[in-house]
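Please look over the sequence and the structure below, and then follow this report on how parts of the chain pack together and where space is left between them.

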Amino acid sequence: MSPRAPEPFATPRLDALPLRVEYADEMAAVLADPALHTFTGGEPETAEALRARYARQTAGSPDPGELWWNWVLRSGDALVGYVQATVRGDRAEIAWVVGVPWQGRGYAGEAARGLVEHLRGSGVRTVIAHIHPEHAASASVAAGAGLARTGEWEDGEERWGLGL
C-alpha cells in the first residue's frame, strides 16, 4: 500500500522534496518563462496563484482512491523544477517540468528516472505520461525513464507507458 503523502527521494544531483505552499515564491521565478507553456498552453502563474494551487495540491485529492504526490526539485540551494504523480492503486500518471535556465543539463531525465524508481518502491506497477507529439525533449525524457509510446492518444497528447 502506498503512503498517503509523498515521501522525499533523491538522485545524484537532485533532492525531490514534498511540495509545500512555502515554495510558491521561489517556484514562481523557476516557472516564469512563457516557453514552458509552448506545448501545454496557459501562461506562467504568479506566486499568489501558485500558493493557492499548492494549497489545493498539498490538501490532496477529494477522491480517496487517488493520491496527489508533488515534489519540487532542488539542486544545491536552488529549486529548479518539479515532478508529480497522480497515483491510483498500482498505477501512476507522471509529469515533470524543469525551469528554462536549468534545461539542457539532464535534470528532467534524472528526475523522471528517479521518480519512476521511487514509485516502483512505493508499490506502483504501471507508469503513464502524456507527451505532446512535437515535444521532442519530453519524448526523450520519457524514453530515458523507460516509458514507450503506446499508440494511444488523449487530448492531443500521446500516452507513453511502462509496466514495472
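Setting aside residues up to four places away in sequence, Asn70 touches Pro6, Leu17, Pro18, Leu19, Gln57, Val83 and Gln84. This residue has its place in strand E3, which covers residues 67-75, and the model in which it is seen here is a predicted one. Is Asn70 buried or exposed? Asn70 has a relative accessible area of 10%, and because buried means under 20%, Asn70 counts as buried.

A search of the whole structure finds 1 cavity of 30 Å³ or more, and about 60 Å³ of space lies in the largest cavity. Its lining consists of Leu19, Leu31, Arg53, Tyr54, Gln57, Asn70, Trp71, Val72, Tyr82, Val83 and Gln84, and the elements that give two or more residues to this lining are helix H2 (47-59), E3 and strand E4 (78-88).

The largest pocket, in turn, holds about 1,200 Å³ of space. It is lined by 47 residues, and those that lie nearest its centre are Thr40, Tyr82, Ala95, Trp96 and Val97. Which element supplies the largest share of the lining of the largest pocket? That share, 6 residues, comes from E5, while helix H1 (24-30), H2, E3, E4, E5, H3, E6 and H4 each supply at least two residues.

The two spaces can be set side by side.

| Space | Volume | Among the lining residues |
|---|---|---|
| Largest cavity | about 60 Å³ | Leu19, Asn70, Tyr82 |
| Largest pocket | about 1,200 Å³ | Thr40, Tyr82, Trp96 |

Trp96, one of the residues nearest the centre of the largest pocket, also belongs to the largest nonpolar core, which has 49 residues and in which Met27, Ile94, Trp96, Leu119 and Leu147 touch the most other members. The largest share of this core, 7 residues, comes from helix H3, which spans residues 107-121. Leaving aside its neighbours within four places in sequence, Trp96 is in contact with Tyr82, Val83, Ala108, Ala112, Ala129, Ile131, Ser138, Val141 and Ala142.

Among these contacts of Trp96 are Ser138, Val141 and Ala142, which, together with Ala139, are buried in H4. Seen down the axis of H4, the buried residues fall within an arc of 160°, so they line one face of the helix. An α-helix has 3.6 residues a turn, so residues three or four places apart point the same way. On the other side of H4, Ala136 and Ser140 are exposed. The cover over the buried residues of H4 includes strand E5 (91-98), H3, E6, strand E7 (148-154) and strand E8 (157-163). Just after H4, Gly146 takes a positive phi of about 95°.

His132 is partly exposed, with a relative accessible area of 21%. Not counting residues up to four places away in sequence, His132 touches Phe39 and Glu157, and the side chain of His132 reaches the backbone nitrogen of Glu134 at 3.0 Å. How far apart are the C-alpha atoms of His132 and Tyr82? They are separated by 18 Å, and the two residues lie 50 residues apart along the chain.

Technical notes:
Residues numbered from 1 in each chain as written. Predicted model: local features only at pLDDT ≥ 70, side-chain atom pairs only at ≥ 80, totals over all residues. Heavy atoms only, no water. Core = buried A, V, L, I, M, F, W, Y, C linked by side-chain atoms within 4.5 Å. Buried < 20%, exposed > 50% of the residue type's maximum accessible area, 1.4 Å probe, protein only. Helix = DSSP H or I, 4+ residues; strand = E, 2+ residues; numbered from the N terminus. Contact = heavy atoms within 4.5 Å. Polar contact = N/O pair within 3.5 Å; in protein donor to acceptor, adjacent residues only side chain to side chain. Arc of directions from axis to C-beta. 1 Å grid on protein atoms, 1.4 Å probe; cavity = no way out; pocket = protein on both sides within 12 Å on 5 of 7 lines; lining within 4 Å. Points joined across faces, edges and corners; volume = space filled by probe spheres on them.
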